[in-house]
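Here is a briefing on one protein model. Look through the sequence and the structure first, then read the points below.

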Amino acid sequence: MICSSVLAEKPSMAVATCKMLKPPPKPSPFCSRPILCTQNKNPNTVNEPSKPRLTIATPILVIPSQVSVRRSKKKRGGEARRDSSQVGGQHMLGLCGFGYWVQGFRCFPWLALNFHMAYNLKLPPSTLQLVQNSGNLPMVVKPLYGILSDAIYVGGSHRLPYISAGVLLQILSWGPLALIPLAREALPNLMACVLLSNIGASISEVAMDALVAEYGQKHNLRGLQSYAFMASAAGGILGNLLGGYILLRTPPKTMFFIFSSLLSLQFAMSLMTKEASLGVSQPSVNTLKKKSILLSIRNQFSDLLRAVREESISGPLTWIVLSIATVPILSGSIFCFQTQCLHLDPTVIGMSRVIGQLLLLFTSILFDRFWKNVSMRRLIGVVQVLYAGSLLLDLVLVRQINLKLGIPNDVFSLCFSGLAETIAQFKLLPFSVLFANLCPRGCEGSLTSFLASALCLSSIVSGFLGVGLASLIRITSGDYSSMPVGILIQFLVALLPLAWIHLLPTSLDTVEKDRKRGLSKRRRRNRRVGRVVFGSVISYRRERDSETLR
């Protein structure tokens, strides 16, 4: 026996050894095969330095059923998180999908508004285009809406309240145009309603863009902006399809009222949805504490400037802004030429835009499936060349070359008049995906709104350049003989952005890797953030990882 052998060799340790050797406990009835593990205890030793120490391990029983219970709890927790993310995705799809669809459907009342200004108010082409571009001025201050959305929480939410406020402003603008004759008959009142409508549209667009970017970053989903383009294109298809048909049978005020009803439905959806159910990150308790509003706005503005100064963002932003702003747009002159000289029906113009929106929807699907991994520099270069070539299609219509080829004006306008606008809209999609993937956390609304504001400002500059060009070459409502000269100038200027296409990245993956590498270098460089004195030794306190995420 063990006790007898120990007693024979070392009598002084016999008692301690026999006390420690106890029979193992009986296994639980729930455990069929107990697992034997060993754990060292503090040894009982004799205080004799010359004698060796003896350590005896005591057995510990681990029941597998308890381990399986813990694993099943973890599995159920993961399934619950997955189910909540799926529910959040459904709510996000319903809210933002319908919101983008309504924004695409805005062409429905705008088609009626353009005809109302051209036929009822009898505005000349230059004034019509001036009203169209001046109405987009509220879009320029989109960064302010984005900064407010990122910095200021309303009732614990910082996206949905702004969506609701934006939709409400649109209701208050299109509703009076539908119900109050004075609002649509006097040009100053009409201009005020247009400005109010675009303020509301810009606020809701900024909040939805930030929601989509935030959801994609949290769930590691790239290219969600292509689905936003699809929803907007679907709304544009239906809006232009119904707009030309209804405009022939009803006055413009009916179309204003229909769009106001859709906005009321969107407003009700935004009020019934809670931001916690959208599957996006919720603010912490420290975030919801009362802080100085001016301090929050100042901090958010500094974060925006820091993000815009990054080379991976500033280069593509400069290219897309210059590629739009340098091309003078003659959209108002082309519209008046089609309606006053060629006498095209509203259905033809509406159907041409339907075909353009269908093409935009098809190209958005192709981009999401195949072109998302193509070199961005090569893709944008091809798109820019196609855009410049599509501008020459207006020259074919103005010079009536299509009639020499046996193609009637309505058929040619139906197929090709909206092609340039469609290509210009598709050119924005790769940049939207790029900036949504590169925007820092907590800056989603600010950066996406800054991009939208820069694009809107560039389009306004392009429209004003078009007005100046039309006045310079003397395009009037009764004389369109100098229109071919303006179209040729458009074509040549549209090729200029190819000269600085080197500002664009080769691919999105390369930009993300370079940005992460730059962030890691910056964090290592800024690792030591303060001096702490311990006696006579001065050391640097290293920054915690949790502090870098703030």
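Where is the place of V154? V154 sits in the loop between α6 (142-151) and α7. The model is predicted: local features need pLDDT of at least 70, side-chain atom pairs count only at pLDDT 80 or more, and totals for chains, interfaces and linings use all residues. Residues are numbered from 1 along each chain as its sequence is written, and side-chain values use heavy atoms, with hydrogens and water left out.

**Whole chain**

- The protein chain holds 25 helices and 4 strands. Both are DSSP runs, numbered from the N terminus: helices are H or I with at least four residues, strands are E with at least two.
- Of the 550 residues in the protein chain, 45% are buried. Buried means under 20% relative accessible area, exposed means over 50%, and partly exposed lies in between (1.4 Å probe, protein chains only).
- Among contacts in the protein chain with a separation of 6 or more, 83% join residues 24 or more positions apart. A contact means heavy atoms within 4.5 Å.
- The protein chain exposes about 29,000 Å², and carbon and sulfur atoms supply 63% of it. Accessible areas come from the Shrake-Rupley method with a 1.4 Å probe; for residues, only the protein chains shown count as cover.

**Loop residue and surface patch**

- V154 is partly exposed, with a relative accessible area of 44%. Leaving aside neighbours within four places in sequence, V154 is in contact with P161 and Y162.
- L179, I180, L182 and F257 make a nonpolar surface patch of about 440 Å². Patch residues have over 30% relative accessible area and no salt bridge; like charges are joined within 9 Å, nonpolar side chains (Val, Leu, Ile, Met, Phe, Trp, Tyr) within 5 Å.
- I180 is found in the loop between α7 (160-179) and α8 (181-185). The relative accessible area of I180 is 43%, so I180 is partly exposed.

**Helix α17**

- Helix α17 (residues 376-398) has 23 residues, which should span 33 Å at 1.5 Å a residue. The end C-alpha atoms of α17 are 34 Å apart, which agrees. The expected span is 1.5 Å times one less than the number of residues.
- Q400 follows α17, and the phi of Q400 is positive, near 60°.

**Salt bridges**

- Side chains of opposite charge can pair when their charged atoms come close.
- The count comes to 4 salt bridges. The rule asks for a side-chain nitrogen of Lys or Arg within 4 Å of a carboxyl oxygen of Asp or Glu.
- E205 and K142 meet in a salt bridge at 2.7 Å, N to O. This pair links distant parts of the chain, 63 residues apart: E205 is in helix α9 (residues 187-218), K142 in helix α6. E205 is buried at 17% relative accessibility. K142 is buried at 5%.
- R159 and E214 meet in a salt bridge at 3.4 Å, N to O. This pair also links distant parts of the chain, 55 residues apart: R159 is in the loop between α6 and α7, E214 in helix α9. R159 and E214 are buried.
- D368 forms a salt bridge with K372, and their closest N and O atoms are 3.4 Å apart. D368 is buried, with a relative accessible area of 11%. K372 is partly exposed, with 23%.

**Cysteines**

- A search of the whole structure finds 0 disulfides. A disulfide is a pair of cysteine sulfur atoms within 2.5 Å.
- C336 is buried at 0% relative accessibility. C341 is partly exposed, with a relative accessible area of 36%.

- S458 lies in helix α22 (residues 444-472). S458 is buried, with a relative accessible area of 2%. Not counting residues up to four places away in sequence, S458 touches V321, I324 and A325.
- S134 lies in helix α5 (residues 125-134). S134 is buried at 16% relative accessibility. Not counting residues up to four places away in sequence, S134 touches M191, L195 and F464.
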